[in-house]
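Reader: Hi, I'm new to this one and would like to be walked through it. Could we start with the overall make-up and then turn to how the pieces pack?

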Amino acid sequence: MKIYTKTGDKGETSLVAGVRVPKFADRVEAYGTCDEANSQIGLALSLLPEAVDWTELRKVFHVIQTKLFHVGAELATPEGKKVGWPIGEEDVSFLEGEIDKLDADLPPLTNFVLPGGHPSAAAFHVSRTVVRRAERKAVHVATQEQVNPSVVKYLNRLSDYLFVVARHVNQQTSSVEQTLHE
């Protein structure tokens, strides 16, 4: 199978079930932004320093990156078509549990955190902002068509998780976490 199909050469792409839409369609923007977030997460993971054991974090992100593909599949599925891997409340709860685990070991927030610190933490902050954009795009699609409410919740929680992971990475690498000056 060749990597190129030439079917998108005229500015259209296919949603799940073969529905053709312009490449700038809201659903395409939404699932494309999820793909961008997934790639950014991969970059952030590649920047984790080898001096720390990140095995558990990598396991969690394997689940998250897989689920992010599922979120994209949901957003690529037109209304009325069956979703192959639906996102559910258990997926949102999984993220909440992971947030609670990491947050328990972090100092309480007293100011806004400026993105930065260790390169991996900074990349997780960028991932967080890309996920927020995906969330906004999914909400926009939901104003026009049916979108599984768990998709929006998942993206919302994922951005929270990425924020906590960035703080966790800075803590584990002894990188300075800067806060906003008042």
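Author: This is a predicted model, and the secondary structure of its chain comes to five helices and two strands.

Reader: OK, and what does the C-alpha trace span along its principal axes?

Author: The C-alpha trace spans about 50 × 35 × 35 Å along those axes.

Reader: How much of the chain counts as buried?

Author: Of the 182 residues, 42% count as buried. Turning to contacts, if one takes those in the chain with a separation of 6 or more, residues 24 or more positions apart account for 76% of them.

Reader: Switching to packing, at what angle do helix 1 and helix 4 cross?

Author: The axes of helix 1, residues 26-46, and helix 4, residues 119-142, cross at roughly 165° and come within 8 Å. Angles over 145 degrees count as roughly antiparallel, so helix 1 is roughly antiparallel to helix 4.

Reader: Left-handed or right-handed, that crossing?

Author: The crossing of helix 1 and helix 4 is left-handed.

Reader: Which classes of residue make up the contact of helix 1 with helix 4?

Author: By class, that contact between helix 1 and helix 4 has 14 nonpolar residues, together with five polar and six charged ones.

Technical notes. Residues numbered from 1 in each chain as written. Predicted model: local features only at pLDDT ≥ 70, side-chain atom pairs only at ≥ 80, totals over all residues. Heavy atoms only, no water. Axes fitted to C-alpha atoms, helices over the stretch in contact; angles between N-to-C directions. Helix = DSSP H or I, 4+ residues; strand = E, 2+ residues; numbered from the N terminus. Parallel < 35°, antiparallel > 145°, perpendicular 65-115°, else oblique. Left-handed = near helix turned anticlockwise from the far one by under 90°. Nonpolar A, V, L, I, M, F, W, Y, C, P; charged D, E, K, R; others polar. Buried < 20%, exposed > 50% of the residue type's maximum accessible area, 1.4 Å probe, protein only. Contact = heavy atoms within 4.5 Å.
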